[in-house]
Amino acid sequence: MQENATLDKYDRNILNVLQGDGRISFTDLGKCVGLTTTPCIDRVRKLEREGYIKGYSARLSAKQLDRGLVVFVQISLDRTSKKTFEDFRRAIQKVPSVQECYLVTGSFDFLVKARIKDMAAYRDLLEGELLSLPGVKESTSIAAMEIIKETLEIDL
């Protein structure tokens with residue numbers, strides 16, 4: 001993958017437009033960034049090959065799908081061995097309601113973001129899944145009362 005500094009203004013503009021609308025046609029994308037269709041296609045394909053574009057997906061309405069509650073769970077492991085961390089990493093991947101999981105610094109080991117239906121579903125998630133993952137010693141949870149900003153876009 002090339003260094004970010006080598007992205008020119010067309011590449012950055014393409015990435016910005018695609019973040020907002022991954023379904024835009026190449027013709028319309030080209031118009032937005034000041035290129036004709038063929039060079040625009042070539043640049044998008046190059047950005048895909050080089051790993052700048054990892055894929056395309058639809059943004060779903062969590063509320064419409066009855067998954068409106070967001071909880072953040074701070075998880076501490078009982079041991080800090082490499083095997084314990086690897087076992088946890090593999091297991092957390094299999095929990096469907098977990099959207100994000102980060103290894104973090106500080107007083108706990110992992111920060112997990114889950115999206116679920118309600119507090120009853122959260123209790124099921126915590127007691128039935130998260131606390132039984134390999135190496136989990138304890139957890140602290142934070143339920144989001146309101147989502148103020150939520151985006152996957154990267155500021156370029």
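Trainee: Which residues does Val73 touch, not counting residues up to four places away in sequence?
Mentor: This is a predicted model, so the contacts are those of the prediction. Leaving out residues up to four places away in sequence, Val73 touches Phe110, Leu111, Val112, Tyr122, Leu126, Leu130, Ser139, Thr140 and Ser141.

Trainee: Which residues touch the most other members in the largest nonpolar core?
Mentor: That core has 21 residues. S1, helix H4 (82-92), S3 and H5 each supply at least two of its residues. The members that touch the most others are Val73, Ile75, Phe88, Ile92, Leu130 and Leu133.

Trainee: Which element gives the largest share of this core?
Mentor: Nonpolar side chains tend to be buried together in soluble globular proteins. Here the largest share is 5 residues, and it comes from S1.

Trainee: How many residues are in the second, separate core?
Mentor: Its members include Leu7, Leu15, Cys40 and Tyr52. The count for this second core is 13 residues.

Trainee: Why do the buried residues of H4 lie on the same side of the helix?
Mentor: The buried residues in H4 are Thr84, Phe85, Phe88, Ala91 and Ile92. Around the axis they cover an arc of only 130°, and therefore they sit on the same side of H4. On the other side of H4, Lys82 and Lys83 are exposed. The buried residues of H4 pack against S1, strand S2 (98-103), S3 and S4.

Trainee: And what arc do the buried residues of H5 fall within?
Mentor: In helix H5 (residues 119-128), Tyr122, Leu125 and Leu126 are buried. Seen down the axis of H5, they line one face of the helix, because they fall within an arc of 90°.

Trainee: Which exposed residues does the face of H5 turned away from its buried side carry?
Mentor: The cover over the buried residues of H5 includes strand S1 (69-77), S3 and strand S4 (136-143). The face turned away from the buried side carries Arg123, Asp124 and Gly128.

Trainee: Which residue caps the N-terminal end of H5?
Mentor: The cap comes from a side-chain oxygen that lies 3.2 Å from the backbone nitrogen of Ala120. The residue that supplies this oxygen is Asp118.

Trainee: Is Arg115 buried or exposed?
Mentor: Arg115 is placed in strand S3 (residues 110-116). Its relative accessibility is 11%, so Arg115 counts as buried.

Trainee: Which side chain is joined to that of Arg115 by a polar contact?
Mentor: Leaving aside neighbours within four places in sequence, Arg115 is in contact with several residues, among them Arg67, Ser97, Gln99 and Ile147. The polar contact is 2.5 Å and joins the side chain of Arg115 to that of Glu150.

Trainee: What pattern does the protein follow along the sequence?
Mentor: The secondary structure comes to 5 helices and 4 strands. Read along the sequence, the pattern is α-α-α-β-α-β-β-α-β.

Trainee: What is the radius of gyration of the protein?
Mentor: For 156 residues the globule rule gives 15 Å. The protein is well over that value, so it is more spread out than a compact globule. Its C-alpha atoms fill a box of roughly 55 × 40 × 25 Å along the principal axes. The radius of gyration is 20 Å.

Trainee: What share of the residues of the protein count as buried?
Mentor: The protein exposes about 10,700 Å², and carbon and sulfur atoms supply 51% of it. Of the 156 residues, the share that count as buried is 29%.

Note on methods. Residues are numbered from 1 along each chain as its sequence is written. This is a predicted model: local features need pLDDT of at least 70, side-chain atom pairs count only at pLDDT 80 or more; totals for chains, interfaces and linings use all residues. Side-chain values use heavy atoms; hydrogens and water are left out. Buried means under 20% relative accessible area, exposed over 50%, partly exposed in between (1.4 Å probe, protein chains only). A polar contact is a pair of N or O atoms within 3.5 Å; within protein, one must be able to donate a hydrogen and the other to accept it, and residues adjacent in sequence count only if both atoms are side-chain atoms. Contact means heavy atoms within 4.5 Å. The arc is that of the directions from the helix axis to the C-beta atoms. The radius of gyration is taken over C-alpha atoms; the globule rule is 2.2 Å times the number of residues to the power 0.38. Accessible areas come from the Shrake-Rupley method with a 1.4 Å probe; for residues, only the protein chains shown count as cover. A nonpolar core is a set of buried Ala, Val, Leu, Ile, Met, Phe, Trp, Tyr and Cys residues joined through side-chain atoms within 4.5 Å.
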